[in-house]
There are 4 protein chains.
Amino acid sequence: MDRLKVYILGATGLVGQRYVQLLAKHPWFEIVGLAASEKSAGKTLAQAGWALEEPPPPDLAELKIEKLEVDRIPKVDFVFSALPSEAAAKVEPELAARGFTVVSNASNMRMDPDVPLVVPEINPEDLSLVRQQRAGRGWRGAVVKKPNCTTTILNLPLKPVLDEWGIERIHVVTMQALSGAGFAGVPSVAITDNLIPYIRGEEDKVVAETRKILKKDFEIYATTTRVPVLDGHTEVAYVDTARDFDAGAVADALARFRGLPQELKLPTAPERPIEVRSHIDRPQPRLDRWAGRGMAVVVGRIRRLGPRKLAFVVLGHNTVRGAAGNSILTAELMAKTPA
Amino acid sequence: MDRLKVYILGATGLVGQRYVQLLAKHPWFEIVGLAASEKSAGKTLAQAGWALEEPPPPDLAELKIEKLEVDRIPKVDFVFSALPSEAAAKVEPELAARGFTVVSNASNMRMDPDVPLVVPEINPEDLSLVRQQRAGRGWRGAVVKKPNCTTTILNLPLKPVLDEWGIERIHVVTMQALSGAGFAGVPSVAITDNLIPYIRGEEDKVVAETRKILKKDFEIYATTTRVPVLDGHTEVAYVDTARDFDAGAVADALARFRGLPQELKLPTAPERPIEVRSHIDRPQPRLDRWAGRGMAVVVGRIRRLGPRKLAFVVLGHNTVRGAAGNSILTAELMAKTPA
Amino acid sequence: MDRLKVYILGATGLVGQRYVQLLAKHPWFEIVGLAASEKSAGKTLAQAGWALEEPPPPDLAELKIEKLEVDRIPKVDFVFSALPSEAAAKVEPELAARGFTVVSNASNMRMDPDVPLVVPEINPEDLSLVRQQRAGRGWRGAVVKKPNCTTTILNLPLKPVLDEWGIERIHVVTMQALSGAGFAGVPSVAITDNLIPYIRGEEDKVVAETRKILKKDFEIYATTTRVPVLDGHTEVAYVDTARDFDAGAVADALARFRGLPQELKLPTAPERPIEVRSHIDRPQPRLDRWAGRGMAVVVGRIRRLGPRKLAFVVLGHNTVRGAAGNSILTAELMAKTPA
Amino acid sequence: MDRLKVYILGATGLVGQRYVQLLAKHPWFEIVGLAASEKSAGKTLAQAGWALEEPPPPDLAELKIEKLEVDRIPKVDFVFSALPSEAAAKVEPELAARGFTVVSNASNMRMDPDVPLVVPEINPEDLSLVRQQRAGRGWRGAVVKKPNCTTTILNLPLKPVLDEWGIERIHVVTMQALSGAGFAGVPSVAITDNLIPYIRGEEDKVVAETRKILKKDFEIYATTTRVPVLDGHTEVAYVDTARDFDAGAVADALARFRGLPQELKLPTAPERPIEVRSHIDRPQPRLDRWAGRGMAVVVGRIRRLGPRKLAFVVLGHNTVRGAAGNSILTAELMAKTPA
């Protein structure tokens, strides 16, 4: 088939670069343009400061970045937005009104009732909110959101636990990677031989978005911290389940978990969305973040600490499954199952 | 007064070196000898590999380390033991039988009912167990233990909360420093751009020792992790209290907390055992670990997340308050208030 | 005597904070005001973001930072400037014209022939250039510069080598600390598990300033790199001397080196400006950067690699000896020996 | 063709694991056995502690590691040795005597005149020393060595410079990765917020081996340091050439450099053994170490500092091009061009 055309907003940031990297050889999607702020306009990706391990893909390395102007975006099948939320709040609704389908990483609009907030393995059905969104807002296009990175990574293992044993209460503490704050987000002087026990806005997002995605009004308590790790968010969760469980059965349920993307064999879908590690000192960010090409989360230390008291550690690549990868998977799902 | 004589076992490890550093200018105690394994015998501290920021104190820099042999330890007022627990299990009882008072960091015997496990600000009264220990074991000396470092740091803020509001349940996640594993404990290859979500034996110690120190059979759940930070354990705690509270009142209670060491003005006692930081991104290990010369713990992010649901972050210097400093403070208390 | 009044420009940066820290208990100098950019005006140091290990000194913690306006600076004995060079180029000459004595860290004007560029142990005589500066520029005050941090640290050991054996050629490679780039200078994403083999403008400064300070037109080649170390620049130097030498004699000459600040017993002068370490794996930044309270440089690995071919490694604290400390020492020298 | 059989000695170390990783999908070679010390015997690679980013290849993950015993090694085409040099000094000659062809990373025998010390792009002709080795030692097999990792990485760019402009003198300073010391070689406590300006034995190896490989008795001066970088040695070189040069011409010569492995299209040969980066702040270890799948070295900052005074920075993956990869490439060359 002809490849679907996609356009990337905010292409020069760490998430924007992941989009480029993941889409470069995509079998369905073809990047037809990149936009960023005025500062990068007219430059190539390398000139704008490429920061990932592998150089930009050769066929995209020479593409000139455009200044973001709504008028100049060509007709495409999907616009992927890695804009900061303030910019997104202006641009994305306008694009949707003009008929573009925007799959966005930005946090604005996530909690609006008519906006799908999607982890494709968990709540693909929420994509149907697009109809309500269009009707209510008079848009020809749509805005679809991926959740906060920490939330996405946490929710994947919560889903099968919820389905089989029920969940009443969650305490979570996160140890988040530097890349989550963007390229210049955390100065090296601030984090060398150090950690920072606070990330602005993050805890509220984890609480609210988890309730929306899993459609349950849990008790959920979150403390989010920044640690000197490049990529990969690690999260320690204590889950009070509704019914008692066996730790081995939980491990099995997580390892067996599959969703619609696996059923449809979507190109970016990992074979196993959740990989379970049995070695007691895993998951570790450096060793496990690339599981399933960055699209699987890795769970370890699954323990029954008492009746209905489950503990585990989950890790995921924050700019792949937690950001660009999850959005691309969402777009694949939309392409395969039009609303 | 004449200074009391002290002897250090395991003087070449990171904790042993902290003992030397903290005791070098101690107003009451005088180091009369250092012992370590055969490998270091006959060397000076510098030759054995000094690893702290400041060089060994000049008057101790030339002292020759002795091979640890029970027979050759001179008559001293206190033996400070920084031995590994296996070696400690052999040597410490023998020393106590011979009349030595051993204040020890090693984990063996900590849970024995007749062994004081002491944070001097919290449970100084447990030093009286020494009488029972001597009677029951027929010892002329005694073995007194400091708790696991993570436990000590956690228990300091728990104590005033317990006293004023009661505690029913604790969930804790720790982010522990590299020095806690000893000089060669964590290879750099293992922890660069990484963290390790498991520390052998640590979680069980936190649970059991907290119950012994605070004398209450809490529900307590612990997950302990290692992060790339040199010194300073950070711990995120969720505490279900028995009675509801105001977050400001908790902050006040922690900041006002004092114990017997403060009352007695012991030399190593920090003026304030708990320092409360109001800035939202504190405590941080690099910025806060030296509070109260490493003897205060620093608490921040005190929040009421719901009725009777308290959260906070506590940080302490793991080899000072968590190890050598707490033992020295205990010995000071014993010197001032003989059993 | 009455303490001399000093004022700090650029007080909120890393070097500005070092000034505050080092001057807080200074026996001769008293901070009477702090200025910074509009962003910090009206805040206290803590509110503006204190980033050093120890909290701001209590008596200065509540001082309000002023917006930098030349008109509003009170009459003081010294103005210490930690301004960026662009701002410095505007403000410093104006202050000097108005009669202020400015001791500055900024790189502008350093190579002007009438501007003293001073390491007090090396070229205190260059302070007399102030007379020429005043005469030529019609200023009542003066601008005195400290050299680039890397240059200062390198030049201290070069000086006694030059004096005893002569120098014909220098090859130097530096491994510089993160704090040298300022608080937000190096993003953590850029330097984690990495190093950067380039620092803008640094190599030219090392070459030109070394020639000015040592008053000799050496062949000198520099490559400057950034490494993930918080504080402390490490420099590997190969020096072709004019006359052959014995490595032990070089070590002795460095260890014996003293300058005018030592003779005058200036308050900030380290007892020994150069400390020589004999252990083969020293100096190391974390272990040695605080030698002489950060004012000594530490030299190790002194080797004779062939006839007239000397190699050594030198380390110094880049924001103390390399910046604020060197300027304070310079001001002390000026106070003691008025031009 | 049938794949050639290979056997790995020292399979559990970091270099041993790289061998496994690089050979897992090799088109010519098939791993038929792994040996290590008694401690790992009977375990799988995962059980023995896999430390690389990607898990061990599935088909090798279940292979049991054997205790190293010369008698039990099956008939194979190549034995790859990642043994420590002491063990290698015992085992390798015995294997060669028994007819095995050993390609070894260990430093013993490297300087023996009848032992090839080979970087396949530079001195493939030295493989013919094997005939002399067999004749002189009465061996049916042979021992072939790869150079020290730092030497290999340095010598690749030196070779084309030597060929076109001649070399008279080299000053080099290295910043070497943690993995070069093996998994437990550098404790995290020793290197966090730090660097170590000394690596035992390394400088002598760089000097002696460079002279042997390039067959010229240069003046060469080396200082080798350890920095907190996981993989990738960075080296700053100053080269005094025999004839003057243009910096652009040097860049061209490096970028154009090819050797016999490229001509023969050996499977592990990178297309370009030397990649030249024009961006001023490159090469950087995290961004450039995987160039040419870890088999290319990356050179940047090529400068003419004066007449016949060349400077550059070279980076290479120390356990791929610097170790396992170079040995595999050597074996490929031997397989293709039998002595």
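Predicted model: local features only at pLDDT ≥ 70, side-chain atom pairs only at ≥ 80, totals over all residues.
**Entry 1: helix α5 of chain D**

I started with α5(D), where D:L129, D:V130 and D:Q133 are buried. Buried means under 20% relative accessible area, exposed means over 50%, and partly exposed is in between, with a 1.4 Å probe and protein chains only. These three cover an arc of only 100° around the axis, which puts them on the same side of α5(D). The arc is taken from the directions from the helix axis to the C-beta atoms. I then turned to the face away from that buried side and found the exposed residues D:R131 and D:A135. Part of the cover over the buried residues is β6 (142–145) of chain D.

Residues are numbered from 1 along each chain as its sequence is written, chains are lettered from A and ligands numbered from 1 in the order in which they are written, and side-chain values use heavy atoms, leaving out hydrogens and water.

Helices (H or I, at least four residues) and strands (E, at least two) are DSSP runs, numbered from the N terminus.

**Entry 2: D:V115**

Next I looked up D:V115, which sits in the loop between β5 (101–104) and α5 (129–137) of chain D. Is D:V115 buried or exposed? At 0% relative accessibility, D:V115 counts as buried. Leaving out residues up to four places away in sequence, D:V115 touches several residues, among them D:L129, D:Q133 and D:R137. Contact here means heavy atoms within 4.5 Å.

**Entry 3: strand β9 of chain D**

I counted cover along β9 (residues 233–241) of chain D: 9 of its 9 residues are buried. Both faces are covered, with residues including D:H233 and D:E235 on one side and D:T234 and D:V236 on the other.

Which strands does β9(D) join? Strand β7 (residues 167–176) of chain D is joined to β9(D) by 8 bridges, running antiparallel. Strand β12 (residues 309–316) of chain D is also joined to β9(D) by 8 bridges, again antiparallel. Two strands pair if DSSP finds at least two bridges between them. I noted one bridge on each side: D:I167 partners D:T241 in β9(D), and D:T234 partners D:L315 in β12(D).

**Entry 4: the sheet in chain B**

In chain B I traced an open sheet of 6 strands in the order β3-β2-β1-β4-β5-β6, with parallel pairing. Its edge strands are β3 (66–67) and β6 (142–145), each pairing on one side only. Within the sheet, β4 (residues 78–81) and β5 (residues 101–104) of chain B pair in the parallel sense over 3 bridges.

**Entry 5: between chains**

I moved on to B:S188, in helix α7 (residues 188–191) of chain B. B:S188 is buried, with a relative accessible area of 1%. Its contacts include residues of chain D, among them D:L178, D:S188 and D:I191.

Last, I compared copies: a rotation of 180° with 0.0 Å of shift along its axis superposes chain A on chain C, at RMSD 0.0 Å. The two copies are thus related as by a two-fold rotation axis. The superposition is by least squares on the C-alpha atoms of residues with pLDDT of at least 70 in both.
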